[in-house]
Amino acid sequence: MPLFAPDTVTSLTSLVNLINSGTSAIDGLLTPADLAEFLKREKFTGYVAGTQSELRDVRQLRSRLTEIWHLKDDDAVPEINAILRSARALPQLVKHDEWDYHIHATTPDASLSDRLATEAAMALVDVVRSDEWDRLKSCAATDCHDVLLDLSRNRSKKFCDSGNCGNRENVRAYRARQAIS
């Protein structure tokens, strides 16, 4: 049986990608064009203004969601609820484009940052309700600040998908063992 509904996994994956767009030395959301490309990659639908203010709002949201990601679940719940209240979330089942039934909790004309925030918050609601908050992790590589979603059966995923963090850490460990020998 799947751990989460497919739309929850999609939203959590997009949340990981949004957070990780700001964790490296080069910010992945510097221009409205960067944001448009991000939304295209994530297959995010709905109205996009393409303005600097919209980009600023999404970047502020990214910071807020990053903070929530690193909280314990009991501490995250008030923040998740605040996002849902602020966006006046009203969950409904919808079916559009190539997507089967899934939940939308904002109107199509809501601001991009409200729609992104609500998608993330609704996915995090499922994580909390399933008591799976420990699947929201930070990469274990010493030189990486990315986050990851661990969907492995035994919760053993340690490294992000952004680069070769696992390989780099294994090489470091190997070299350290060789230096001791």
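Trainee: Which side chain does Glu132 meet in a salt bridge?

Mentor: Keep in mind that this model is predicted. Side chains of opposite charge can pair when their charged atoms come close. Here the N to O distance is 2.8 Å, and the partner of Glu132 is Arg155.

Trainee: Where in the chain do Glu132 and Arg155 lie, and how many residues apart are they?

Mentor: Glu132 sits in the loop between helix H5 (112-129) and strand E3 (136-138). Arg155 is in the loop between strand E4 (147-149) and helix H6 (165-180). So the pair links distant parts of the chain, 23 residues apart.

Trainee: Is Glu132 buried or exposed?

Mentor: Buried means under 20% relative accessible area. Glu132 has 10% relative accessibility, so Glu132 counts as buried.

Trainee: What parts does the salt bridge between Asp27 and Arg59 tie together?

Mentor: The closest N and O atoms of Asp27 and Arg59 are 2.7 Å apart. Those two residues are 32 residues apart in sequence. Asp27 lies in the loop between helix H1 (6-20) and helix H2 (32-41), so the pair ties that loop to helix H3 (residues 52-69).

How values were computed
Residues are numbered from 1 along each chain as its sequence is written. This is a predicted model: local features need pLDDT of at least 70, side-chain atom pairs count only at pLDDT 80 or more; totals for chains, interfaces and linings use all residues. Side-chain values use heavy atoms; hydrogens and water are left out. A salt bridge is a side-chain nitrogen of Lys or Arg within 4 Å of a carboxyl oxygen of Asp or Glu. Helices (H or I, at least four residues) and strands (E, at least two) are DSSP runs, numbered from the N terminus. Buried means under 20% relative accessible area, exposed over 50%, partly exposed in between (1.4 Å probe, protein chains only).
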